[in-house]
Amino acid sequence: MTGPLVPFREVVLKVHSRCDLACDHCYIYEHADQSWRTRPKSISDEAISWTARRLAEHASEHALDSMSVILHGGEPLLAGPARLRRVCEELTSALDGIAELDLRIHTNGVQLSPRYLDLFAEFDVKVGISLDGDRAANDRHRLFANGRSSHPLVLRAVQLLREDRYRHLDLGLLCTIDIRNDPVAVFDALAELDPPQVDFLLPHATWDDPPARPDGSPTAYADWLLAVFDRWTEQGRTLPVRLFSSVLSTLSGGPSLTESLGLAPTDLVVIETDGQLEQVDSLKSAYEGAAATGFDVFSHSFDDVAAHPGVRARQLGLAGVSETCRTCPVVRSCGGGLYTHRYRSSNGFDNPSVYCSDLVTLVRAVEERAAASLGSPVVTEPAELVRAGQDLNRTLLAALHAGAGARERAPWDEAWELAVGIEESERGAGALDEVLGHPYARTWLLDAQDRVDDRAAGRLAASVAAAAVRARLELTVPVPYDDGRLFLPTLGEVRVGEPGERGRALVRAAGEGFQVRWDGPGGAVDIADTTVEAGGWSPLRRVGGDGGPGFTLDDLDPYRACFDAPVAPRLTPREARVWGTRLDAAWESLRRKVPAQAAEAAEVLVALTPLATGATHAGTHGYGALGLGADGTDEELALALLRGFRRTKFRALVGVTDLYAADGEWEHKAPWSQETVPFSKLLSETFERVGAGLFEPRILDGVRHALDMIEMAPELTVDGARVVAGLRKELAGSTHGTSGEEKAQERS
């Protein structure tokens, strides 16, 4: 096993090894491992003290900010208030000043009383209660040894936890599934109790001892859970259900929220009443001694357990599941199922879950049912993608404002207050949105996140001034200038003083233009028209438009140098006209061959920046800008425009929604190069190649194969799947708008 040890953040501490119920589905007493028979009923003082010592040692060595300890059994309340107090006191004292202690207890609730809850309130011990639904459902399994129902006593415990003085201790309910019970009746009974959360657990089973399936259905447990999911949805999903929340999270690219699903490495260790250190408790369902490590708290550290082969096997992510699971597209959500449920005596745990068909059906059905709510409109609506980028810029700006230090506050706050004033009018707010939504606004906002300095404050002031000019507001905005230049984003650059001079100028809208005033020789410039070059004013220019859409040629913005290629200096008027002519020719080719993409790009691209050399580049900017090289023919420029547009669109999508999982990528072979690449690169290159291939079909080689691979990849999220579906749709109409020669070329 390779890789660093994963520290334990969760400890299950068995404080009592016996139980006051005789549940016939209990993995401790009714399944393969019967080691409970030889263990002391209650944990000893020595084991408590060594446990506390090991907790502090582990938290300190791994710099953990918190550790969770779950008091368990058997039935932990049988340990009694005095012993539980001893446990709480020692653990709390040991971790004091080292890490936060999150204490919990998992109980059947039968013994719960104010005496216990007052103790738990003192040490902030959260309480989870096992309850399988209404009385009929609960009494299938959770009975006393004499057959008496536990349901009334458990309800009493739940009601006690709901009292105002104890409600903050309530963790929620755990329900073990029995498919003979009515799923809707079970959910309604649990929901009626108003718990903070419900978790549904599959009964422990293995391939040697498979779960009950009375009607023989391979998806009986999925069908049961989906009936609950539909009821949960019908009621507005107001009650958190951890199993469903976990599936929804992983489908959206987030983490798993439960040990029983997902690929997150195990970070849990169990301490038995005799001080033995064991792996996760559910392994007792597999075979005698399956959870054993041979270690104990008296002689061994938690790191010894973390290095145990059995523990390491559950920290390998995708590499730790069976070959069948590694090629399954839902593996990120199901994680191959609970480790225990994979066991078969002939080959150990190298199998899919015994609930495999249920898990695949459940994940697929939840994805189908929740696709509308999980999916972001940015995937299908270009205008929404632009709007989401603007919102992201606003979020970055707000974070920048909140994090500005005392040294930068004066110039920053001055500009911020003016921005707030501009937003008070609809016209001003719209103009500020336009300036702050510009692609190069993202560049300076990202740059300033690491250092809020005078440069960042100056850019904010310049943005406010540009918005005021655009909105024609009678507002004077102080803006710093450097090297005798003052740049107004989206508008242009005004010469202020001589080269090398620095200072502050006052900018104020005037008629169709604006005025600039500063101290020093010639300290005034009046710009009558922001679109006309005159005096010291150099506007951003529109190029193209003679048969094409026309674009802003941004060859002035100081933050345009965000590409992995050098930008060109300000173009001469003649050079700008040449660019315009070439762009018109390129755009005509795009409109002829890929009209849909050309129309979308025309709506989105707001800035083209000439590069000194090379082809088209995407940089660290927001959606709507491209760096264009001067190399190549008009057809090559058209293809470069298209590829660059696809590249920036993909980056924009990734910036505002999750197309693939953020908690791990695996290597995939790109069909066009046979190079092994991360999933993110495979998806981005495929996205670009689909668009470019519609313009030049010969480069579609391998794209369909790549899409097949991507659709089966575990990293793909709901939004990622919608993007892939969109790519399929594009390919299906790939002959639209092409010539007969090109159609024949594509068919061949």
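This is a predicted model: local features need pLDDT of at least 70, side-chain atom pairs count only at pLDDT 80 or more; totals for chains, interfaces and linings use all residues.
Residues are numbered from 1 along each chain as its sequence is written. Local features need pLDDT of at least 70 and side-chain atom pairs pLDDT 80 or more, while totals for chains, interfaces and linings use all residues, and side-chain values use heavy atoms, without hydrogens and water.

**Exercise 1.** Find the residues with the most contacts inside the largest nonpolar core.

- A nonpolar core is a set of buried Ala, Val, Leu, Ile, Met, Phe, Trp, Tyr and Cys residues joined through side-chain atoms within 4.5 Å.
- Buried means under 20% relative accessible area (1.4 Å probe, protein chains only).
- The largest such core has 98 residues, and Leu112, Phe120 and Phe200 have the most contacts inside it.
- Helix H7 (residues 220–234) gives the largest share, 9 residues. Helices are DSSP runs of H or I, at least four residues, numbered from the N terminus.

**Exercise 2.** Classify glutamate 688 as buried or exposed, then list its partners.

- Glutamate 688 lies in helix H22 (residues 679–695).
- Its relative accessibility is 11%, so glutamate 688 counts as buried.
- Beyond neighbours within four places in sequence, glutamate 688 contacts Arg643, Arg646 and Arg647. Contact means heavy atoms within 4.5 Å.

**Exercise 3.** Describe how H22 packs with helix H24 (residues 718–732).

- The two axes, lines fitted to C-alpha atoms over the stretch in contact, come within 10 Å and cross at roughly 20°.
- H22 is therefore roughly parallel to H24 (angles under 35 degrees).
- Leu683, Thr686, Phe687, Val690 and Leu694 in H22 meet Val723, Val724, Leu727, Glu730 and Leu731 in H24.

Notes
Buried means under 20% relative accessible area, exposed over 50%, partly exposed in between (1.4 Å probe, protein chains only). Helices (H or I, at least four residues) and strands (E, at least two) are DSSP runs, numbered from the N terminus. Axes are lines fitted to C-alpha atoms, for helices over the stretch in contact, and angles run from 0 to 180 degrees between N-to-C directions. Angles under 35 degrees count as roughly parallel, over 145 as roughly antiparallel, 65 to 115 as roughly perpendicular and the rest as oblique.
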